[in-house]
Amino acid sequence: GCVVYRHRGCTMDLLRFLLNKSWGLMICSVGAGLISGLAGAGLLAVIHQGMNSAVVSPSLAWSFLALAVAVAACKALSEILLVRLGQATISELRYQLSRRILEAPLGQLDRLGHHRLLAALSEDTDVIAQAYVQLPLIGINVATTLGCLTYLGWLSWLILVLVLGMMVVGAVTFQWQERKAIAFFTRSRETSDVLFRHFRSIMAGIKELKLHRGRREAFLDRQLRQTVKAYERDFVGGMTVYSIASSWGLFLFYAAIGTVLFLWPSWQAISFETIIGATLVLLYMMGPFSQIVELLPGIGRANVALNKIDALGLSLAAGAASDRKGRDGEAWAPATALDIHGWRRLDLVGLTHHYARDGEDRAFRLGPINV
């Protein structure tokens with residue numbers, strides 16, 4: 001059975017479940033990406049060494065060629081594996097979530113609302129799968145950044161301390177901004193449920209809406225337009241916060257480069273080759289850093305989607321548990337075989353039926369029936 005939607009630690013359960021299903025592709029993709037990232041850092045060192053050498057040795061040229069081939073080949077292999085991994089993840093998530101929905105009690109599904117289930121099957125699974133594929137890319141860029149920092153520390157440990165300080169400042173301010181972005185994404189995800197409900201209303205009531213112009217205009221202007229605008233406002237707000245955080249991090253990199261180029265020589269005696277090397281490393285690091293920041297919004301949205309599926313799974317589990325309990329709160333005993341030929345009388349004593357759908361203020365209630 002699927003362990004994805006069973007416990008409160010749904011995030012870790014889901015990631016563990018996905019890793020169990022596709023650990024081979026994940027390991028191969030991460031391995032190829034790490035080789036590509038580390039080879040890129042080594043390529044940077046070879047380029048710097050060639051720039052400082054009066055005569056380029058054949059061994060240095062062969063090293064450059066080998067590292068360039070490794071970077072290109074491993075990068076292509078990693079991307080191909082990530083495409084396969086993403087599609088496999090989407091398929092498995094949709095299958096398992098569909099299975100859990102079919103195993104849940106019908107009344108509980110009605111109370112949740114079909115629009116929430118449809119949003120989870122379509123939007124949430126796509127967002128989670130995209131983030132799952134992006135995790136190896138983040139690891140690849142982190143490996144490249146660590147390789148560059150190692151080479152930077154070999155050039156000058158004082159410049160390394162400066163860059164690390166800038167990165168700490170950027171990380172602290174980014175976390176502060178990320179909380180606001182997650183709040184925007186959470187509101188947009190809640191609005192997405194309402195939006196899917198409107199889409200279902202259009203499909204279910206298409207004839208009535210076509211026949212009644214006033215009702216059609218009221219639905220479009222008062223409900224659908226407001227929901228669409230609310231989703232747009234919250235989603236744009238979250239992406240705006242991430243863009244500001246990304247620009248701030250980029251500015252810190254330029255500040256580090258400017259400090260090394262224009263201020264550091266006046267503070268400490270340092271060779272021209274070291275300044276050129278440190279500047280080259282920082283310029284090269286801006287690529288992996290920018291890609292990491294660009295991938296973080298997807299991770300934030302996936303976190304919101306995981307929470308939504310977590311809440312959906314808990315509701316389904318609670319509904320299944322409640323349907324297994326009798327009037328006294330104790331679990332029902334398994335059904336036993338009945339003698340269908342020996343019975344003489346059937347009594348209904350205090351039989352009641354209660355039904356409520358999502359979004360309705362009044363609930364339907366039948367009973368008690370005594371027959």
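A residue counts as partly exposed when its relative accessible area lies between the buried limit of under 20% and the exposed limit of over 50%. L348 has a relative accessibility of 32%, so L348 counts as partly exposed. The model described here is predicted. The protein has 8 helices and 2 strands, and along the sequence these elements follow the pattern α-α-α-α-α-α-α-α-β-β. Of the 371 residues in the protein, 38% are buried.

- L348 is placed in the loop between helix 8 (272-323) and strand 1 (351-355).
- A nonpolar patch on the surface is formed by W343, L346, L348, L351 and V371.
- Together, the residues of this patch have about 550 Å² of accessible area.
- The partly exposed state of L348, at 32% relative accessibility, goes with its membership of this surface patch.

**Helix 5 and helix 7**

- Helix 5 packs against helix 7 (residues 213-267) at an angle of about 170°, and their axes are 8 Å apart.
- Because of that angle, helix 5 is roughly antiparallel to helix 7; the cut-off for this class is an angle over 145 degrees.
- The contact of helix 5 with helix 7 comprises 30 nonpolar, 13 polar and 3 charged residues.

**V169 in helix 5**

- V169 is part of helix 5, which covers residues 157-204.
- The relative accessibility of V169 is 41%, so V169 counts as partly exposed.
- In sequence, V169 and G249 are 80 residues apart, while in space their C-alpha atoms are 9.0 Å apart.

**S78 in helix 2**

- S78 is found in helix 2, which covers residues 58-103.
- S78 has a relative accessible area of 2% and is therefore buried, given that the class takes in values under 20%.

- G367 and P368 are joined by a cis peptide bond, with omega at about 5°.
- P368 belongs to strand 2, which covers residues 364-369.

Definitions and conventions: Residues are numbered from 1 along each chain as its sequence is written. This is a predicted model: local features need pLDDT of at least 70, side-chain atom pairs count only at pLDDT 80 or more; totals for chains, interfaces and linings use all residues. Side-chain values use heavy atoms; hydrogens and water are left out. Helices (H or I, at least four residues) and strands (E, at least two) are DSSP runs, numbered from the N terminus. Buried means under 20% relative accessible area, exposed over 50%, partly exposed in between (1.4 Å probe, protein chains only). Patches are made of residues with over 30% relative accessible area and no salt bridge: like charges are joined within 9 Å, nonpolar side chains (Val, Leu, Ile, Met, Phe, Trp, Tyr) within 5 Å. Accessible areas come from the Shrake-Rupley method with a 1.4 Å probe; for residues, only the protein chains shown count as cover. A salt bridge is a side-chain nitrogen of Lys or Arg within 4 Å of a carboxyl oxygen of Asp or Glu. Axes are lines fitted to C-alpha atoms, for helices over the stretch in contact, and angles run from 0 to 180 degrees between N-to-C directions. Angles under 35 degrees count as roughly parallel, over 145 as roughly antiparallel, 65 to 115 as roughly perpendicular and the rest as oblique. Ala, Val, Leu, Ile, Met, Phe, Trp, Tyr, Cys and Pro count as nonpolar, Asp, Glu, Lys and Arg as charged, and the others, Gly among them, as polar.
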